[in-house]
Amino acid sequence: MKDGEIRDAMAILAEAVKKWRTPAVTIVSQREGDPFKVLVSCILSLRTQDKTTAAASERLFALAGTPSGLGALPTETIEKAIYPVGFYRVKAAQIKDICRLLQEKYAGRVPDEIEELLTFKGVGRKTANLVVTLGYGKPGICVDTHVHRICNRWGYVQTKTPEQTEFALRGKLPRDYWLVINDLLVTFGQNQCLPVSPLCSTCPLAKMCDRVGVKKSR
């Protein structure tokens, strides 16, 4: 994909993804507009399918939706609410610890800076960027495995890790796409540009894509 084609690609994607389900964390942010709930939903979503994340988030926030409220719940109660998300016991402990830290150090308010969020146990760059972008509407680029894979498959970037992809995109992606690229490519990657055997024959971006690393497609 040539650099100058990215605006056309984003416009095509914005239309194409309308027929698929919005990522669970985005649904939480659109419904609640609450950085704390975005943060917790992000933690739940790691190595977990969107459908499972959405249901677990709904069950958990029905019990409590603030650092003080969730922090007061027994760890076992949180575990039961979020099961069967991946590593649910580890995540329940992380959520409890984050609630404690938010109350002790931040007066119950989730920080709005990426570097500050990265000091929280269990929070990586993907989660920090999602909290900043979805929770606060601030500039940032969230790069998960879909964004990393697809941008490299297109030939738009040439990177080895999601973190390298984030900084490569910060250097070349027009800023008006920073907040939306994750939603678009997560949805696109889950339904069209699959990790193995992508659906290239029906892809609306086929003519722009370099298909880097694609050995077999459908």
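Visitor: Why is lysine 172 called partly exposed?

Guide: Lysine 172 has a relative accessibility of 30%. Buried means under 20% relative accessible area, exposed means over 50%, and partly exposed lies in between (1.4 Å probe, protein chains only), so lysine 172 counts as partly exposed. A word on the source: this is a predicted model, where local features need pLDDT of at least 70, side-chain atom pairs count only at pLDDT 80 or more, and totals for chains, interfaces and linings use all residues. Residues are numbered from 1 along each chain as its sequence is written, and side-chain values use heavy atoms, leaving out hydrogens and water.

Visitor: What makes aspartate 3 and lysine 172 a salt bridge?

Guide: The term asks for a side-chain nitrogen of Lys or Arg within 4 Å of a carboxyl oxygen of Asp or Glu. Here the closest N and O atoms are 2.9 Å apart, so the pair qualifies. Aspartate 3 lies in the segment before helix H1 (6–16) and lysine 172 in helix H11 (residues 162–172), so the bridge ties together parts 169 residues apart in sequence. Helices here are DSSP runs (H or I, at least four residues), numbered from the N terminus.

Visitor: How many salt bridges does that rule give?

Guide: The count comes to eleven. Among them, arginine 100 and glutamate 104 meet at 2.9 Å, N to O. Both lie in helix H7 (residues 88–105), four residues apart, about one turn of the helix.

Visitor: Is glutamate 104 buried or exposed?

Guide: Glutamate 104 is at 59% relative accessibility, so it counts as exposed. Arginine 100, at 38%, counts as partly exposed.

Visitor: How do you know that aspartate 112 forms a salt bridge with lysine 138?

Guide: Their closest N and O atoms are 3.9 Å apart, so the pair meets the rule. This pair links distant parts of the chain, with aspartate 112 in the loop between H7 and helix H8 (114–117) and lysine 138 in the loop between helix H9 (125–136) and helix H10 (145–154). Arg109, Asp112, Glu113 and Lys138 are linked in a network of salt bridges.

Visitor: How many disulfides are there?

Guide: The count is zero. The nearest cysteine sulfur to that of cysteine 193 belongs to cysteine 209, 6.1 Å away, whereas a disulfide needs two cysteine sulfur atoms within 2.5 Å. For cysteine 203, the closest cysteine sulfur is in cysteine 193, at 6.3 Å, too far for a bond.

Visitor: What makes cysteine 193 buried?

Guide: Its relative accessible area is 7%, so cysteine 193 is buried. Cysteine 203, at 18%, counts as buried as well.

Methods: Helices (H or I, at least four residues) and strands (E, at least two) are DSSP runs, numbered from the N terminus.
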